[in-house]
Amino acid sequence: MSFLRRRKVPDSSKPPISDPSFGKEDDKKNQYKSSQRRSYSSKNWSCWDNCCWFIGVICSVWWFLLFLYNATPDSIPQYVSMAITGPLPDPPGVKLKKEGLTANHPVVLVPGIVTGGLELWEGRQCAEGLLGKRLWGGSFGEFYKRPLCWLEHISLDNETGLDPPGIRVRPVSGLVAADYFARGYFVWAVIIANLAHIGYEEKSLHMVAYDWRLSFQNTEVRDQSLSRIKSNIELLVATHGGKKVVVVPHSMGVQYFLHFMKWVEAPAPMGGGGGSDWCAKHIKAVMNVGAPFLGSPKSTALHFSIEVRDIANLRAQAPGFLDKDVFGLQTFKHLMRMFRTWDATFSMVPKGGETIWGGLDWSPEMDSFDVSVKKGKENITHNTGQNTKSNVCNTKGVNYGRLISFGKEWAETHSSKFERADFKNIAKGDNVANSSNCDIWLEYHEMGNKAIKAVEDHKVYTAGSILDLLHYVAPKLMARGASHFSYGIADNLDDPKYGHYKYWSNPLETKLPNAPDMEIYSLYGVGLSTERGYIYKVASPSDCHIPFQIDTSVDGDSEDSCLKDGVFSGDGDETVPVISAGFMGAKGWRGKTRFNPSGIHTYIREYNHAPPANLLEGRGTQSGSHVDLLGNFALIEDVLRVAAGASGEDLGGDRVYTDIFKWSERINLQL
C-alpha cells in the first residue's frame, strides 16, 4: 500500500558526514542533568530549612482548621461530640437557670496582664492608618506586617514608664476588651455567656479597662483608671437598689484590684478619698481567679533572661534562631527591651522572700504528701501522709527555695558543702564582646565579663537574694520598679510609710479593708506542672547578647523527677504555684490577723485539672490551666451562685486537693 513505505537504511559503507556541532547539544543537556542530580543529592538540609518547613506546616494546618471553624455550622461539632461522648452537660448558666437562679448582684470583671485589648490613638509615621485600631489583641495583624514599628508602639518609655513621645496607646473599653484574646481564644467570653443565661446584660456587667503595661498607680496618673473603677462601681450599686458588687479579678488583675481597695480608701491626692468604709458599702465579694498574690517564679526568669520553659525549649530546638536578625527582628533582645518597659510586670516578682518561698535548704513544699482526691466532696480533703509524690512529680529531696541555680550540682548540694562568691561588690566595666553596636537597651552590655562570672560564682539565688541579683544586672530597670512595688513583709503595718502606694499590691505589707461582711475567695487550678525554679548557664559570648540562659540539657535522675529541661516544677496552674495562690486565704487572711483586722471571711476553692475528653471539647470544661480556668464549669458555677446571692458557706466552704494548709503552717509568719 502507498502509505506503507520501506524504511531507508543508511548505507554503512559510506562514511558519516562530519558535523562539528552534531551531538553537542545532547551532551550539554546530559551534563546539566547530571550536575543537577549531584547538587540535589549533595545539598545539606539546614536548620533554616527545618524551621521554614515546620512553620509552613503549622501555618497551613492552622489556616485549614480556621477555615473549617468558620465554614462549619455550630451544630455539627456539637452533634459529632454528642455521638462520641453522649449528651453534653448543660453549661452552668443553663443549669442554674433551671434551678431558678437569676441575676442579683452586679458583677465587675478585672482582666489580668496581656489579656486586655490595646488600641492606637497617636503614633509615628510607620503606624499610618492604624488610628483607633487594635495593636494588642485580635488578629495581631500589624505585628506581622511591620514588627519593628509594632514593637516601638507597644513599648513604654524606659525612663518614665509612660508613653514615649508622640505615641498614645490606650485600653479598649467595654466587654469586648477582654472577651477574646484572639479569634477563637476565649478569655472572659464563656463566663459572660453563662452570666447572660441567668439574666445578666451589659448594664449589670462591667469590664474594667486599664493599661496592663503601666504600674498600677500610673494607670490613675495617665488615664484615671482607678477613678473610673470607683465611679462605675458606685453607679452599679446605685442602679441596682443598693446591691453590692461581686468582683472577679483574674491573674495580675487580682493585684491590681488589691491596689484599688487601698487606693479608694486613702485620702486624696494619692488615693481616691472614699474613706475607710467604702469597700464595706460597695463590695459583697472578691472572687480572685488564678491569683499570684505572692508573685510567680516565671516573672523572675522573664526579667532575667526573657525565658520560661517553653521559650527555652524552643531556643534549644532551633539554636540561634531567636537570637538572630530574623525578618529584621532580633527576637530575644527586642522582646526583653519591650518586656522591661512594662512596669506592671514588677508586680509579679516573688514577694515575702525566704519566709514564704524557702531558703537554701528548705521550702514549704519539701517532701509534700499525696492528695487523696475525692471528687464531689466540698470539704477539705485530708492527706494520708504515706509518701512523698505529689500530683505533678516526685518532690522527694527537691528544694524549691533555690529559685535560680547555676548548675544542677548547686541546686542539690547542701549549703554547708559549698561557698558562694559575693557578686554585689564586683565592679562592672570590661565590656562583653563588642558593645559598640548595641542599639537595644538591655543593660547587660554594661556588665562585663568579670561581673557575669561573679553572678555565676554565687551559684544559688533564693527569693531573698533574687532582688539583689536583678538590681545588679539591671539597676536602671529595678530603680524604676522599686518606686512602684515592694516585695517584703511588714513589721508594723501601722507605720505611716505603708501609706505609700508602692505597698498597696503586696498583701504582706498592707491591710484588707474594714469590711467584716465582705468575702474573699481564692479560686485556682491545681494538678498541673508549674515552674518553681531554674537551672541556668552562662551563654557563649557574642555581640550584645543576653549572657544567661536556662540550661535545657539538665534533667532529673528519674522519669517522674520534678526537674526537666532545666526547670523545677511544682503543683499549680502552669503559671502560679499553689503557695502563691493559696497562702493568704489559708493562713495570712484566715480569721482575724494583722493583715485582716476586721476578720473578712476567706475561702479556698481548688479546681483539679482534667484534660478535654476529646478534641471537639476545645480547651476543656474541667481545665485547671491559668487562663483556661475561666472556662471551667465548676468555677463558673461558683461565680454565678455568689453573684446570685450565695455565700461561701452556701458553696460548701473550702474545697482543697493539695497540701496548701500544711505548707502554710510551715511558713513562720507573724500574724
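This is a predicted model: local features need pLDDT of at least 70, side-chain atom pairs count only at pLDDT 80 or more; totals for chains, interfaces and linings use all residues.
User: Let's start with E2 and E3: how many bridges join these two strands?

Analyst: In general, strands of a sheet pair through backbone hydrogen bonds, either parallel or antiparallel. Here, strand E2 (residues 118-122) and strand E3 (residues 134-136) run antiparallel and are joined by 2 bridges. Two strands pair if DSSP finds at least two bridges between them; strands (E, at least two residues) and helices (H or I, at least four) are DSSP runs numbered from the N terminus. Residues are numbered from 1 along each chain as its sequence is written, and side-chain values use heavy atoms, with hydrogens and water left out.

User: What is the strand order in the open sheet of 6 strands?

Analyst: Read across, this parallel-paired sheet goes E7-E1-E8-E9-E14-E19. Strands E7 (205-207) and E19 (601-608) each have a single partner strand, so one side of each lacks a neighbour in the sheet. Ignoring direction, neighbouring strands are turned by 15° against each other on average. Inside the sheet, E9 (residues 283-289) and E14 (residues 519-526) pair over 5 bridges, with asparagine 288 opposite serine 522 in E14.

User: Which strands does helix H10 lie across?

Analyst: H10 (residues 252-265) lies across E1 (107-110), E8 (245-249) and E9, at about 150° to E9. Angles run from 0 to 180 degrees between N-to-C directions, with axes fitted to C-alpha atoms, for helices over the stretch in contact.

User: At what angle do the axes of H18 and H19 cross?

Analyst: Two packed helices are described by the angle and the distance between their axes. The axes of H18 (residues 466-473) and H19 (residues 475-482) come within 5 Å and cross at roughly 125°. H18 and H19 are therefore oblique to each other (under 35 degrees is roughly parallel, over 145 roughly antiparallel, 65 to 115 roughly perpendicular, the rest oblique). In H18, Leu467, Leu470, His471, Tyr472 and Val473 meet Pro475, Met478 and Ala482 of H19; contact means heavy atoms within 4.5 Å.

User: Is alanine 490 buried or exposed?

Analyst: Alanine 490 is buried, at 1% relative accessible area (buried is under 20%, exposed over 50%, partly exposed in between; 1.4 Å probe, protein chains only). Alanine 490 sits in the loop between H19 and E14. Leaving out residues up to four places away in sequence, alanine 490 touches Tyr498, Leu508, Glu509 and Arg594.
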